[in-house]
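Subject: Structure handover

Hi,

Here is the structure I promised to pass on. Please open it first, then read my notes below.

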Amino acid sequence: MPASIAVRLFTSTLAALLLTGCNPFSDARPMMEEYVERVGRVLDSEPVLSEVPAAKPIPRRRNRVLPMPELELGMLDFLSLYGCELQYVVGEKNSVMGKVMQPLNRLRYEVRFIRAATECLETVEDEELEGVLKQAIASKRESLPIAVWNATWGVEEVETLFTLAKGEYPVEAKNALSDLARDARQLNKSVAALLAQNLEIDLSFWGKVHQRWQAEYRAGQLLNSARLVTARLEDGTRLIRQRLNSRPLCFNGKPNSQSDTVQSMFFSIYIGKIQPYLADIRRARTDLIEPLSELATMQAKVMPTVFQEWSRSALALQGHDSAWANLDNAVTTHTKAWQALLEQCGLRPGA
C-alpha cells in the first residue's frame, strides 16, 4: 500500500474512533469508512477512500429573494382616503414598520390587501375609485406568487434547515423528522391554495414552520449523507469489481473459507448496519426532501435561476446532477456487484 494511502486510512480511522468512542458504527462517516475497509480486507484488496464531493450550499438570501412589485404611491394615497377596511390595511403598510416587513408579514399584507380591496369594491359607488380598486386587485393577484416565494424559500430560517455545517444524518435516528414532515405537508397545501388564488386560508402556522426550520438542520444533514454514502458505496463497488475481474472468489461454485468470511461480513455489516441506514435515509427523503421538492416545483414560474441550479442537485429526485438519483444509482450498482460476487459461490441472496 502506498505510504500516502496508509497514512490517510490510519488518520481517518483514528479520528473516527476518537469521535465515536471506539464504535465506528455509531456515526455515519466512520461507519461508511469502516465498511469500505472491511470489504477490502475480506477481498484481499487495498481499500481507497475517495474524496466525498461537497454538497452545494443553498444560495444566499440576497440571491433567493425576489423584488416585490409595489403599487404606485399615488394609487396608495388615493385608496387610503376611503373609509372601508382597505384604508387601515394601506395605512399599516405606509407606517414605519410596514416599510421593513419580513417576507411572511409581507405575504399576510398582500392577502389582506386583496381581501379588503375586494370587499371594498362591493360597496363603492365612485367610478374612479372602482377603476383604481380593480387595477390594484389585479396587480396584487399577479404578484402574489412572488410574495409566496419570498415567504417560503426567501426566509432566513430555511438556511438553517439546509446548513451543511452539522455533519451527516444520524445513525438510528428515531422520529427525527416527524414535525418537519408534518409542517412540509401542511405548508404545501397552503401554498397550493394561494397559488390558485384561494385566499381564505389560515397563515398563522407559517411562523411556527419557520421557527422549526431555524431550530433544525436535517435537510442539510441528509444532503451530506447522500453524498457520503454514494461515494463510499462506489468505493466498495470498485473493490468488488476488482475481485470479479481477477481471480474468482470460489472455484466451480463451491464455497470456501474465504467465501464464508465474505458472506459473514456481507450479512453482519452490509445487511446488518449499512442497509438499515440506507432505509433511514430513504424514509427521511420521502418524508422531508420530497415535499420540499414539491414546494419548489410548485413555484417554478418565479424560481430564480441560481435556485434552479441548486434545486437540481439538492431537491430534484432525478437527473444527472441530483444527489438523490446518484445515491439510488450507487445503491443499485453496489447491490448488483455483491450479487455477482456471491453468485460465484452459489451464495447469492434470494437464489
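Asp 44 counts as exposed because its relative accessibility is 53%. Asp 44 sits in the loop between H2 and helix H3 (61–64). Its phi is positive, about 60°, although Asp 44 is not a glycine. Most residues other than glycine have a negative phi.

Gln 197 also has a positive phi, about 65°, and is not a glycine. You will find Gln 197 in the loop between H9 and H10. With 29% relative accessibility, Gln 197 counts as partly exposed.

A word on the ground rules. This is a predicted model, in which local features need pLDDT of at least 70, side-chain atom pairs count only at pLDDT 80 or more, and totals for chains, interfaces and linings use all residues. Residues are numbered from 1 along each chain as its sequence is written, and side-chain values use heavy atoms, with hydrogens and water left out.

**The chain as a whole**

The chain has 14 helices and 0 strands. Both are DSSP runs, numbered from the N terminus: helices are H or I with at least four residues, strands are E with at least two. Of the 351 residues in the chain, 48% are buried. Contact means heavy atoms within 4.5 Å. Among contacts with a separation of 6 or more, 79% come from residues 24 or more positions apart.

**The disulfides**

How many disulfides does a search of the whole structure find? It finds 2. A disulfide is a covalent bond between the sulfur atoms of two cysteines. The cut-off used here is a pair of cysteine sulfur atoms within 2.5 Å.

The link of Cys 84 and Cys 120 is left-handed, with -80° about the S-S bond. Cys 84 lies in the loop between helix H4 (73–79) and helix H5 (85–94), and Cys 120 in helix H6 (residues 103–121), so the pair ties together parts that are 36 residues apart in sequence. Cys 84 and Cys 120 are both buried.

Cys 250 and Cys 345 form a disulfide too, with sulfur atoms 1.8 Å apart. The link of Cys 250 and Cys 345 is right-handed, with 90° about the S-S bond. Cys 250 lies in the loop between helix H11 (218–244) and helix H12 (257–298), and Cys 345 in the segment after helix H14 (323–343), so this pair ties together parts that are 95 residues apart in sequence. Cys 250 counts as buried because its relative accessibility is 4%. Cys 345 counts as buried at 2%. Number the bonded cysteines in sequence order and the pairing reads 1-2, 3-4.

H14 has 21 residues. From first C-alpha to last it reaches 30 Å, close to the 30 Å expected at 1.5 Å a residue. The expected span is 1.5 Å times one less than the number of residues. Ser 322 caps the N-terminal end of H14: a side-chain oxygen lies 3.2 Å from the backbone nitrogen of Trp 324.

The buried residues of H14 include His 334, Trp 338 and Leu 342. Their cover includes helix H2 (28–42), H11, H12 and helix H13 (305–314). Which residues does Trp 338 touch, not counting those up to four places away in sequence? They are Tyr 35, Val 39, Ile 240, Val 262, Met 265, Phe 266 and Tyr 270.

Trp 338 is also one of the residues with the most contacts inside the largest nonpolar core, which has 104 residues. H12 gives the largest share of this core, 15 residues. A nonpolar core is a set of buried Ala, Val, Leu, Ile, Met, Phe, Trp, Tyr and Cys residues joined through side-chain atoms within 4.5 Å.

**Helix H9**

Helix H9 (residues 178–195) has 18 residues and reaches 26 Å from its first C-alpha to its last, close to the 26 Å expected. Its buried residues include Asp 183, Asn 188 and Ser 190. The buried residues of H9 pack against H6, helix H7 (127–152), helix H8 (157–161), helix H10 (206–215), H11 and H12.

Best wishes

Notes. Buried < 20%, exposed > 50% of the residue type's maximum accessible area, 1.4 Å probe, protein only. Polar contact = N/O pair within 3.5 Å; in protein donor to acceptor, adjacent residues only side chain to side chain.
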